[in-house]
Amino acid sequence: MKKAIKVAVTGAAGNIGYSMVFRIAKGDLFGADQPVELNLIDIAPAMDKLEGVKMELDDCAFPLLEKIVCTSDLAEGFKDVNWAILVGSMPRKAGMERSDLLKINGGIFTGQGKAIEQYAAKDVRIFVVGNPCNTNCWIAKQSAPSIPADRWFAMTMLDQHRATYQLANKTGVLSRDVKNVVIWGNHSSTQYPDAYNATINGKPAVEVVNDKDWLENDFIPTVQKRGAAVIAARGASSAASAANAAIDTVYALSTPTPKGEWFSVGVCSNGEYGTPKGIITSLPVRTEDGKTWHVVEGLDINEFSRAKIDATNKELLDESNSAKEILGL
Ligand code: NAX
């Protein structure tokens, strides 16, 4: 048997955590021959609930699961972990000022960034799901300066999956027939789901859809507002689909990307496609070896896309500048 990969999940007693940890234990991140250890982290009042999650994990008798730690102590929780999946956070609520949100998340993500830097394995990779995920990732990264910039990720795969389904549904094909939708920018309502670089059964998606008005005025807002639509329908925010997207992101970063394809994930910009250097922004990414990754360069950016990409990245730059100012980072 291989040496276990150690995965920490924060917010593990929450809804997304509950939908995610069983799939990690089953082998959905690294394959059916790769053992895992789970460090489940939540706040102290959630420890009883977390113990219940552990009991259920025990009761699955997963062959690949070698150890479970339940803790609210960050030193214990991040000790020697190879992956830190940060789900627990304070998303924006109605009436909340952006500065209040930044202060609360600043506290959470500076603390977690510092603890990861101090206690995690040398090869740790950090993936932020908790909203606002791009800026939370940026805050944690600022607090852990010795961890290289290419190890930090924020989730936009759920948006990619939502966009993929909308294109499939519109054109009467299956989701698997749609490839290479790109989500650019922030996981927020300014995100830009780009169908111009996507294909449907190998043909340009714009040609198959053949409805520019739908693509620009229906498809984009539907994807941008899908999270709110799920809340309205379900009375709770996306959990299983978010956990699925989180699993798919870590899997995509750990497995060679199929030829000719790419996926979307928030990464630290190096100025690609005119994005401001240093922000955590969603870009098209590939990995050839399942270890290192690179931004796919040379995609076609038309005037419409340019304006949308610039707007969402401006929002991210403003968010990180506010975080810098308010948190003194
Ligand atoms: P829940 O409220 O069900 O669970 C959150 C859990 O985090 C709770 O158990 C809570 O005790 C814990 N927690 C809070 N502060 C913590 C801290 N400082 N350290 C450790 N644990 C902490 O929320 P859930 O539905 O699971 O959503 C979690 C986060 O994912 C939210 O921020 C949400 O906005 C975000 N999402 C991100 C998405 C994305 O695409 N990036 C989509 C889905 C989701 O909206």
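I began with the shell around the ligand, which by class has 14 nonpolar, 13 polar and one charged residues. The model is predicted, and I read it as such.

**Entry 1. The ligand**

I asked which residues come nearest to the ligand. Of the 28 residues around it, these are Gly11, Gly14, Ile16, Gly88 and Pro91.

Then I wanted the position of the ligand relative to the domains. Domain 1 (5-154) and domain 2 (157-319) both give residues to the shell, so the ligand lies between them.

**Entry 2. The two domains**

I checked the bounds before going on. The domain assignment of the protein chain gives domain 1 as 5-154 and domain 2 as 157-319. I took the centres over C-alpha atoms, and 23 Å separate them. The contact takes 25 residues from domain 1 and 24 residues from domain 2.

I went through the side of domain 1 that touches domain 2. Four elements each supply at least two residues there: helix 1, strand 4 (83-86), helix 5 (133-142) and strand 6 (152-154). Which of them gives the most? Helix 5 does, with six residues. I also sorted this side of domain 1 by class: 16 nonpolar, five polar and four charged residues.

**Entry 3. Helix 5 against helix 4**

I followed helix 5 to its packing with helix 4, residues 98-119. Their axes come within 7 Å and cross at roughly 45°. That makes helix 4 oblique to helix 5. I noted the hand as well: helix 4 passes helix 5 in a right-handed crossing.

I listed the residues that make the contact. Helix 4 brings Asn105, Gly106, Phe109, Thr110, Gln112 and Gly113. Helix 5 brings Asn136, Ile139, Ala140, Lys141 and Gln142. I counted classes for this contact of helix 4 with helix 5: three nonpolar, seven polar and one charged.

**Entry 4. Helix 5 against helix 11**

I then turned to helix 11, residues 303-327. The axes of helix 5 and helix 11 come within 10 Å and cross at roughly 45°. The two helices are therefore oblique to each other. Is the crossing left-handed or right-handed? I found it right-handed.

From helix 5, the contact uses Asn134, Thr135, Trp138 and Ile139. From helix 11, the contact uses Leu316, Glu319, Ser320, Ala323 and Leu327. By class I have five nonpolar, three polar and one charged residues for this contact of helix 5 with helix 11. Ile139 of helix 5 is listed for the contact with helix 4 and for the contact with helix 11.

**Entry 5. Backbone checks**

Is the peptide bond from asparagine 131 to proline 132 cis or trans? I read it as cis, with omega near -5°.

I placed alanine 61 in the loop between helix 2 (47-58) and strand 3 (65-71).

Definitions and conventions
Residues are numbered from 1 along each chain as its sequence is written. This is a predicted model: local features need pLDDT of at least 70, side-chain atom pairs count only at pLDDT 80 or more; totals for chains, interfaces and linings use all residues. A residue is near a molecule or strand if its C-beta atom, placed from the backbone, lies within 6 Å of it. Ala, Val, Leu, Ile, Met, Phe, Trp, Tyr, Cys and Pro count as nonpolar, Asp, Glu, Lys and Arg as charged, and the others, Gly among them, as polar. Domain bounds come from an automatic or database domain assignment. Two residues are in contact if their C-beta atoms, placed from the backbone, lie within 7 Å. Axes are lines fitted to C-alpha atoms, for helices over the stretch in contact, and angles run from 0 to 180 degrees between N-to-C directions. Angles under 35 degrees count as roughly parallel, over 145 as roughly antiparallel, 65 to 115 as roughly perpendicular and the rest as oblique. A crossing is left-handed if the near helix is turned anticlockwise from the far one by less than a right angle, and right-handed if clockwise.
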